[in-house]
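The report below describes one protein model together with its ligands. Please read it alongside the sequence and the coordinates.

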Amino acid sequence: MSAPVLVINSGSSSIKYQLIDGETLVASTSGLIERIGQSESTITHKTGAEKHVWNEQLPDHAAGLEALVTAFDEFGTPLSKTGLIAVAHRVVHGGRRFVQPVVIDDEVMAAIGELSSLAPLHNPANLEGIQVARKLFPKLPQVAVFDTAFHATVPERAHLYAVPQDWRSEHGVRRYGFHGTSHAYVSRQAAAALGKSPKEVNVIVAHLGNGASVSAVERGRSIDTSMGLTPLEGLVMGTRSGDIDPAIIFHMHRQTGASFADLDSALNKESGMYALTGQVDMRAIEQAATGGDRDAEVALDVYCYRIRKYIGSYIAALGGADAIAFTAGVGENSPEVRARVLESLVALGVKLDDEANEAGGPVISTSDSPITALVIPTNEEGEIARQTTTLLRS
Ligand SMILES: Nc1ncnc2c1ncn2[C@@H]1O[C@H](COP(=O)(O)OP(=O)(O)O)[C@@H](O)[C@H]1O
Ligand SMILES: CC(=O)OP(=O)(O)O
Ligand SMILES: [Mg+2]
């Protein structure tokens, strides 16, 4: 490896990590530490063809990151012997300030902390990962790569909310957008799949994971995206409502006396597919729908309809699209969701090839479809490593 980067994506109860060559973007090791803070955590560590899975009690992120270091010691090469050039962290909210990756110092950490109120499910966990990694690797540069950065190009007509002036000027209220490393990477790959440079094409990216967002990418630049001030707006997600009438919040506050903190938590953690079906995992929801569960069937319809509306509006925003790319857990793996989303877009120029869709792509539209539909696996960690290497070289 010529410039190995350890990429850390620290979530509220999990840590995803990869050791990636910053030049070739090939990952030699990847891992997932799940259920941090619960009675038993699971660690999955993959290196080459080897996969190791074990359970351990990990009370917090510090214990999680120590387990990560130990995993490298025991299976493969200890991190201290890999010639690591940096530790790169996914940070979800960069606010107005961070529109490029930065080397992290105390002041940057404080700024990331201040942005926690805008990404309460994400930034505190990202920060914890950084704190622990700085202690574990005090000599290495720690770099933050922000989910919001790719959407810094979204123009005023799409990022301004029509709300009082001081909300916007003093309290940072605007659309920021998230999953930026995924939208950036997948839109470039989509252009490549069409045999074009990113500057020659308009692409709509549907990132459908646990969190989900759609973006409109015009000639390589994001011009609109479905998430907003926070990662709550837009699509229906695993546990997040996505778009709702904001007055629902005041109505429920008046009706039940629930505090704003309770309502915030309800919309972020107890809504979405979970509220409609009692389940978060799309595989289970699809199975239930196939088995005749009406709630699951209706929820799938709600989920796909919302995506379809966004895609239709982004075709209008872009004045026509060359490609629609599906990515992330659901987008990459669910022919059912892709078919439901695209089924009535024929009039807008998307003709699905059912067999290709079942087979998983990459091209899932017919050869005469004016808009090419694609399935493109995302690589957020690879993109984070690439941006980190670029920053450290400059
Ligand atoms: N074969 C599949 N069919 C449908 N959904 C799937 C499939 N495989 C994974 N998923 C869904 O992908 C989602 C997780 O996506 P992922 O991108 O890993 O999310 P995150 O990175 O936000 O944790 C889960 O809801 C899971 O059910
Ligand atoms: C921003 C966001 O929603 O991220 P995730 O999908 O990882 O929850
Ligand atoms: Mg994700």
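This is a predicted model: local features need pLDDT of at least 70, side-chain atom pairs count only at pLDDT 80 or more; totals for chains, interfaces and linings use all residues.

Residues are numbered from 1 along each chain as its sequence is written, and chains are lettered from A and ligands numbered from 1 in the order in which they are written.

The protein is divided into domain 1 (4–146) and domain 2 (196–375), with bounds that come from an automatic or database domain assignment. The C-alpha centres of domain 1 and domain 2 lie 28 Å apart. Five residues from domain 1 and four residues from domain 2 make the contact, where two residues are in contact if their C-beta atoms, placed from the backbone, lie within 7 Å.

Helices (H or I, at least four residues) and strands (E, at least two) are DSSP runs, numbered from the N terminus. Helix α3 (residues 123–136) has 14 residues and reaches 20 Å from its first C-alpha to its last, close to the 20 Å expected at 1.5 Å a residue, the expected span being 1.5 Å times one less than the number of residues. Among the buried residues of α3 are Asn123, Leu127, Ile130 and Ala133 (buried: 20 or more other C-beta atoms within 10 Å of the residue's own, with C-beta atoms placed from the backbone). The cover over the buried residues of α3 includes β1 (4–10), α1 (61–74) and β8 (142–146).

For "binding site", an unreviewed UniProt entry lists Asn9 and Glu380, and such annotations may be inferred rather than shown by experiment. These positions span 372 residues in sequence, yet no two of their C-alpha atoms are more than 9.2 Å apart, so they gather at one spot. Asn9 is found in strand β1, and Glu380 in helix α15 (residues 380–393). Asn9 counts as buried because it has 24 C-beta neighbours inside 10 Å, and Glu380 counts as buried because it has 26. Leaving aside neighbours within four places in sequence, Asn9 is in contact with Lys16, Arg90, Glu380 and Glu381.

The shells hold residues whose C-beta atom, placed from the backbone, lies within 6 Å of the ligand. Ala, Val, Leu, Ile, Met, Phe, Trp, Tyr, Cys and Pro count as nonpolar, Asp, Glu, Lys and Arg as charged, and the others, Gly among them, as polar.

| Shell | Classes of residues |
|---|---|
| Ligand 1 | three nonpolar, seven polar, three charged |
| Ligand 2 | three nonpolar, five polar, one charged |

Around ligand 1 there are 13 residues, the closest being Gly209, Asn210, Met282, Gly329 and Asn333, and α12 gives the most to this shell, with four residues. Residues surrounding ligand 2 include His122, Asp147, His179, Gly209 and Asn210.

Terms used. A residue is buried if 20 or more other C-beta atoms lie within 10 Å of its own, exposed if 12 or fewer, and partly exposed in between; C-beta atoms are placed from the backbone.
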